[in-house]
Amino acid sequence: MKINRILLKIGKYLKNQTSLGLPSNLLIEPTNICNLKCPGCPTGSGILKRPKGYMSLDNFKKIINECEKSLEMIMLWNYGEPFLNKDLFKMISYARNKNIKVITSTNAHFLPEKIDELIDSKINKIMISLDGATKKTYEKYRQNGNFETVVDSIRKLCIKKDKNIFVELQFIIMRHNEHEIERIKKLAIELKVDKLSLKSAWFLDKRLQKKYKDIIPINPKYQRIIEHSGYCIRPWYHMTIQWNGDVAPCCYDADCHINLGNVFEQNLKTVWNGKKIKNFRKIMKKQFEGEKIISLCQQCPELSKRRIN
């Protein structure tokens, strides 16, 4: 892994079209199906155009087996609720048995009956969304959600887990909940989570930006502003793999408009240094030099202040 890390750093520094190593970081989508109807999410709002489905355990293992020596971390989420995939905990265990760090993110509605399985899987970190300190504010945005279920899930998990599992509570600041920041801090302490993250709201899809602009907080310090745009280092170390094997440049390309290949149709190594991704790195290098080529990149949330101190 150390050698691979050095090779990736050299590639990122030189902005080579061909990567000298293999990806150290994967975002893998267990499913793009969700139980909630959050209006600012492409899945929840119903505007996601990709076919719906679940990644199989065999296909997950194929991905891991092809780059396990380089892999340092796997993030199991994207545009769906990971806990809806029946093989999620087997996926986590498979990666952890190979000493790969695994993080997942959930809305926690299926957590109560799955806490023991989650703990047994030896997950490293779990992020739980709770965008409200009261039932009224939480359920305004997390439509079809249940505030009491989520709070109870967090409480039970934090009681049962050991110190090896890190629980992060995420609170997206929106207009209807910005008055609850102090209250969510107190609730986080009460629930005994390891960390509370306050995040600014952002809708990458322009259709959602226009439709839900009233969700943006009134207080300027909670608003997200693009500080700079047009370049990214992810193509030199990171791969985003959707449930059907399609590779997107990052998680912000929800419908995979820029398809860089498919790791089920080819092996991961071939896709990683294939014609499509090498051309994408070439474009990224030009964006580093100041050209604005890919419109997706000009609105990238990573180039703004996402977390509030």
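**Setting out.** I am working from a predicted model, so I treat each value here as computed from that model.

**Cavity.** I began by asking how many cavities of 30 Å³ or more the whole structure has. The search gave me one. I noted a volume of about 40 Å³ for the largest cavity. Next I wrote down the residues that line the largest cavity: Pro235, His238, Met239, Val247, Ala248, Pro249, Leu260, Ile277 and Phe280. Which elements give two or more residues to that lining? I found strand E7 (238-241), strand E8 (247-248) and helix H10 (275-288). Sorted by class, the lining has eight nonpolar residues, one polar residue and no charged residues.

**Thr240.** Is Thr240 buried or exposed? Its relative accessibility is 0%, so I logged Thr240 as buried, the cut-off being under 20%. I then checked Thr240 against Phe166: the two are 74 residues apart in sequence, and their C-alpha atoms are 23 Å apart in space.

**Salt bridges.** My count for the structure is 15 salt bridges. I took a few of them one by one.

I started with Glu68 and Lys98, where the closest N and O atoms are 3.4 Å apart. This pair links distant parts of the chain, 30 residues apart. I placed Glu68 in the loop between helix H2 (57-67) and strand E2 (73-76), and Lys98 in the loop between helix H3 (88-96) and strand E3 (101-106). Glu68 has a relative accessible area of 27%, so I marked Glu68 as partly exposed. Lys98 is at 25% relative accessibility and therefore counts as partly exposed.

Then I looked at Asp116 and Lys160, whose closest N and O atoms are 2.5 Å apart in their salt bridge. Here the link runs between helix H4 (residues 115-120), which holds Asp116, and helix H6 (residues 147-160), which holds Lys160. The two partners are 44 residues apart. Asp116 is partly exposed because its relative accessible area is 44%, and Lys160 counts as partly exposed because its relative accessibility is 46%.

My next pair was Glu168 and Lys125, with side chains that meet in a salt bridge at 2.8 Å, N to O. Glu168 lies in strand E5 (residues 166-173) and Lys125 in strand E4 (residues 125-129), 43 residues apart.

**Surface patch.** Which residues make the nonpolar surface patch of about 520 Å²? I listed Ile6, Ile10, Tyr13, Leu14 and Leu20.

Technical notes
Residues are numbered from 1 along each chain as its sequence is written. This is a predicted model: local features need pLDDT of at least 70, side-chain atom pairs count only at pLDDT 80 or more; totals for chains, interfaces and linings use all residues. Side-chain values use heavy atoms; hydrogens and water are left out. Patches are made of residues with over 30% relative accessible area and no salt bridge: like charges are joined within 9 Å, nonpolar side chains (Val, Leu, Ile, Met, Phe, Trp, Tyr) within 5 Å. Accessible areas come from the Shrake-Rupley method with a 1.4 Å probe; for residues, only the protein chains shown count as cover. A salt bridge is a side-chain nitrogen of Lys or Arg within 4 Å of a carboxyl oxygen of Asp or Glu. On a 1 Å grid over the protein atoms alone, a cavity is a set of points where a 1.4 Å probe fits but cannot get out, and a pocket is an open set with protein on both sides within 12 Å along at least five of seven lines; lining residues have an atom within 4 Å of a point. Grid points are joined across faces, edges and corners, and a volume is the space filled by probe spheres set on the points. Helices (H or I, at least four residues) and strands (E, at least two) are DSSP runs, numbered from the N terminus. Ala, Val, Leu, Ile, Met, Phe, Trp, Tyr, Cys and Pro count as nonpolar, Asp, Glu, Lys and Arg as charged, and the others, Gly among them, as polar. Buried means under 20% relative accessible area, exposed over 50%, partly exposed in between (1.4 Å probe, protein chains only).
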